[in-house]
Amino acid sequence: MIKLSKYNQRSLYGGLIAAIITGTGVFLLGNISGYEAKKLITSSLPGINMLCNTIVLASATILALLLTLLGISSGSKSKLKKEHYVQVMAIAKLDTILFVVAIILFQVFNIPITESEELKTNWYSNIYWATLFLSSLLSGGMVSVILMLYNTVINMIKIVGLGEKDHPLVFQEEDENKE
């Protein structure tokens with residue numbers, strides 16, 4: 001298991017808060033009947049599909065940019081500690097999970113559920129709550145990835161751009177003596 005830095009823990013808490021906020025807005029609607037849920041599913045699916053598309057595009061872009069970040073990291077004058085690469089690995093892992101889940105949900109949400117005559121009406125409210133719960137999780141996950149990426153970029157600016165030699169992620173001579 002990867003031990004998360006305080007920066008990544010804060011980012012994950014930020015994503016959790018975002019998911020709770022978006023999920024809470026949904027629960028304020030209260031209980032809905034199957035027929036109401038069917039109408040709400042029909043009206044919310046285009047937005048949820050757009051969310052999935054956006055997350056897929058953003059995730060793929062972030063993964064490609066992480067390769068650039070690794071190039072900058074390895075090419076910097078300062079030797080970086082293992083924790084920096086662990087942070088980048090955590091971003092890549094969460095980002096890849098978001099990418100895969102968003103693609104799967106996009107495919108599932110494109111099934112014409114509301115057109116089905118076989119599906120009982122009471123199932124629509126369960127499907128509606130599941131789609132809103134999953135979209136809240138996707139949103140929170142993307143917020144976490146962006147916050148983690150922000151922390152990593154700020155660290156790289158401090159180390160590479162501003163030349164901070166005493167940054168916690170810069171490998172020092174005394175660190176070598178500890179090993």
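Biologist: Where does UniProt place the feature "transmembrane region"?

Modeller: The unreviewed UniProt entry gives residues 12–35, 55–73 and 127–150; such annotations may be inferred rather than shown by experiment. This is a predicted model, in which local features need pLDDT of at least 70 and side-chain atom pairs count only at pLDDT 80 or more. Residues are numbered from 1 along each chain.

Biologist: How far apart are the end C-alpha atoms of residues 127–150, and what is the span's helix content?

Modeller: They lie 34 Å apart, and the span is 100% helix. Helices are DSSP runs (H or I, at least four residues).

Biologist: At what angle do α3 and α4 pack?

Modeller: Axes are lines fitted to C-alpha atoms over the stretch in contact, and angles run from 0 to 180 degrees between N-to-C directions. Helix α3 (residues 82–109) and helix α4 (residues 121–161) pack at about 155°, with axes 10 Å apart. The pair is therefore roughly antiparallel (over 145 degrees).

Biologist: Which residues meet there?

Modeller: Contact means heavy atoms within 4.5 Å. Among them, L94, L98 and L105 in α3 meet a set in α4 that includes L138, V145 and M148.

Methods: Heavy atoms only, no water. Helix = DSSP H or I, 4+ residues; strand = E, 2+ residues; numbered from the N terminus. Parallel < 35°, antiparallel > 145°, perpendicular 65-115°, else oblique.
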